[in-house]
Amino acid sequence: MTAPTIRAVRRRVTVRGTVQGVGFRPYVHRLATDLMLAGFVSNTASGVLIEVEGPPDGVARFCERLCAEPPPLAAVTGVGVEDLPATGADDTFRISSTERSAGRTLLPPDTATCADCLRELTDPADRRHRHPFVTCTHCGPRFTIATGMPYDRAATTMTGFPMCPACAREYGDVADRRFHAQPVACPDCGPRLYLVGGPGSRIRPARGTDALAAARALLAAGRIVAVKGLGGYHLACDAADVRAVDALRTRKARGGKPFAVMCADLDAVRRIATLSAAEQAALTSPRRPIVLLRRRARREVLAPGVSPGSPYLGVMLPYAPVHTLLFGLPCDPPGPRVLVMTSGNRSGEPIVTDDDEALTRLSGLADAWLAHDRPIASACDDSLLRVRRDGTEQVLRRSRGYVPRPLRLPVTVPPTVAVGGDLKHALCIGENDQAWFGPHVGDMGDLTTLEAARRAESQMRRLTGVSPELVAADRHPGYHSVQWARRRAAHLPRRTPVCVQHHHAHIASAMAEHGLDGTTPVIGVAFDGTGYGDDGTVWGGEILLADYAGYRRFAHLTSAPLPGGDAGVANPCRLALARLWAAGVGWGADLPCVAACTGDELALLERQLSRGVACVATSSMGRLFDAVSSLVGLCHRAGYEAQAAVELEAAARSAWNTDSSAYAFGITAGGFDPAPVLRGLVADLRRGTDVPVLAARFHRGVARAVVELCRRARRATGLTTVALSGGVFANTLLEDECTALLTDKGFAVLRHGEVPPNDGGLALGQLVVAAHEQQKE
């Protein structure tokens, strides 16, 4: 008896997500071949298109397994399946060329060198031994080399490097992990390193392995080297060399702002900082961010100038092959195990990516330049995060390793670009249910930063395929980002940007990150340094009742004068005196903030405050933290943003488990008054209470005031969800305390994770609020 013939079936499968440049097509090919199915797989502008044909059970198993075992860098966001008539295809499965069709796919971020590539890099018998650009489908540059989509070699900055025969064989071999790895190369086909010195320098130019050896020798000799990485240049020096670190700090006009460091390995990290399991996981993840760690008490390992006055260190591990080689292989002479690795720029400017520009803009900062001839298509600075006590991550700067990974939106938005704010600028592009942050650009203080922001927007449009029809911005009339938004909107159907109140955008950002559709308001606690208020004053200590449609100011910190406006922010001692004046507390000569001011300064402040000259009212919680930091004697002159608050948090942390008392704010119907807190601080200060105890009591007082105001808001509205947002909540001590107390009182607490709580996350809130306003129109 003849066995019945099994009729073949055919299915078309479309896969959306991060599925190009990550080895997804070879994975599909292996799966289909294992199941003895026919058909093809192809990249499209929308993702990956697959057609499979064979026995029904084999096709069914293929569809079941397709998303179960994807390559490590793949992220599937959607799968569509359609039955087709069987074609009687033979039993082969092939990988087809890319289809140029309409749609959108997702480009993966740059990722750290994988273990397989590191083994090749360090193996003298491997043809990629010491190759500074070793990569495969599981690692390496993606976003920073892409010039367009779909992601093919011709649409990357590798297009100028024809593959040698050996690389071409790997690239075309479906069984090889470099199959269609667009950055694939070797020492025979480039790219190549080179080293040059500055004008008039005696440093001899070098190329290839000689360039690396020369750079290592220069670092060991205490010189400063500009190193071209994936998303831009770094300025590097030996972190243990006092003179080198001090020279870099002076040349860069860094003030007291800490430098980030790169450690050769985890052993080097453990010598300088304490490391939890969650922090180690963050450090070693493929994203390789800078992680804020508690430094060890033994400080002689690092030069004092690396992180002066701070108990924290920003630490990262090598993420590009050139970094591994800078620290040296086992057979190399010993060299520094910890390098300062700070952004290659002048203070206030964006990171440098262009080689010719690096020689001019970094002139006077670097002694030598270790560069390469592969262009950088997109600037992308290092990401920064800290790990909370519960092991969750709080991203403070979202850039390399995250961009351009999309965020799923809880609402549908029209094609929109939101330009964020002037500080920690990062734009956000959105369409339908997806949003893409651009890389961190920096503070919009000059023409070079504005031009970098324009380039970032152009590149994000090119890579996402979004053509914005709407522009969203802050309401501050003087922001450079707002002026840019107005010029950008003038060419669109709606000729003006949607301007979103700063703190409303902060709360909307937290809501969007947590997937809230905005139909139910939340109690928003928006604490930051500055934001333009509806009354023309500076807001920043806000309790809002907010959804995407709007907000109501339920309560706020009692306002005080801000002498000198923004110019006064660098002088916490002046902020302290202004707060004392507003609270009716006299300026005793025994107070540290008074002693920090000159006689002329005190006289000028008295005139300004009494007459209201050159003063603007502020309800900023960030400015209150600055004021208290000076009042207790920690920081009187800030050399970088949030220095005073960072030092206050560090002091509070050291006494957190030894004192549980708190200062009490005066709670009123419309806000909370710090006058009782300031009087308590002054009294305890005069009693000789330790400064860390004062700092801890202040932090606990703020957290208890937040809880009481949220309880009052709940009684008035019935709302039970609280969103914590704004730069002040980068203070994890305060955020943890607020979260614990609120949770204990029955609130659901939203706090930021992948989206920064500071102005780096502002654009996401602008995006969803602007979309809601557009829908109303």
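**Charged side chains and their partners**

Modeller: Start with a charge and a ring. Arg-249 lies over the face of Phe-259, 4.4 Å from the ring centre. Keep in mind that this is a predicted model.

Now the salt bridges. The structure holds 50 of them. Take Asp-736 and Arg-751. Their side chains meet in a salt bridge, 3.2 Å from N to O. This pair links distant parts of the chain, with Asp-736 in helix H21 (residues 732-744) and Arg-751 in strand E29 (residues 748-751), 15 residues apart. Both Asp-736 and Arg-751 are buried. The two also belong to one network, in which salt bridges that share partners join Arg-388, Arg-389, Asp-390, Glu-735, Asp-736 and Arg-751.

In helix H11 (residues 447-464), Glu-451 and Arg-454 are 3 residues apart, about one turn of the helix. Their side chains meet in a salt bridge of 3.2 Å, N to O. Glu-451 has 34% relative accessibility, so it counts as partly exposed. Arg-454 is partly exposed too, because its relative accessible area is 28%.

Helix H7 (residues 266-272) holds Asp-267 and Arg-270, again 3 residues apart and about one turn of the helix. Here the side chains meet in a salt bridge of 3.6 Å, N to O. Asp-267 has a relative accessible area of 55%, so it is exposed. Arg-270 stands at 35% relative accessibility and therefore counts as partly exposed.

One more arginine deserves a visit. Arg-142 is found in the loop between helix H3 (115-122) and helix H4 (165-172). Its relative accessible area is 1%, so Arg-142 is buried. What does it touch? Leaving aside residues up to four places away in sequence, its contacts include Gly-21, Leu-73, Asp-110, Thr-135, Cys-136, Tyr-151 and Pro-183. Pro-108 is also one of the residues touched by Arg-142. Arg-142 and Pro-108 are 34 residues apart in sequence, yet 6.2 Å apart in space, C-alpha to C-alpha.

For contrast, look at a nonpolar spot. Val-76, Val-79 and Val-81 make a nonpolar surface patch of about 210 Å². Val-76 is found in strand E4 (residues 75-84). It is partly exposed because its relative accessible area is 31%.

Last, the rings. A search of the whole structure finds 5 aromatic pairs. Phe-527, Phe-665, Phe-672 and Phe-729 form one aromatic cluster.

Terms used
Residues numbered from 1 in each chain as written. Predicted model: local features only at pLDDT ≥ 70, side-chain atom pairs only at ≥ 80, totals over all residues. Heavy atoms only, no water. Phe/Tyr/Trp six-rings, centres within 6.5 Å; stacked < 30°, edge-to-face > 60°. Lys NZ or Arg CZ within 6 Å of the ring centre and 35° of its normal. Patch = residues over 30% accessible without salt bridge, like charges linked within 9 Å, V, L, I, M, F, W, Y side chains within 5 Å. Areas by Shrake-Rupley, 256 points an atom, 1.4 Å probe, with all protein chains shown as cover. Salt bridge = Lys/Arg side-chain N within 4 Å of Asp/Glu carboxyl O. Helix = DSSP H or I, 4+ residues; strand = E, 2+ residues; numbered from the N terminus. Buried < 20%, exposed > 50% of the residue type's maximum accessible area, 1.4 Å probe, protein only. Contact = heavy atoms within 4.5 Å.
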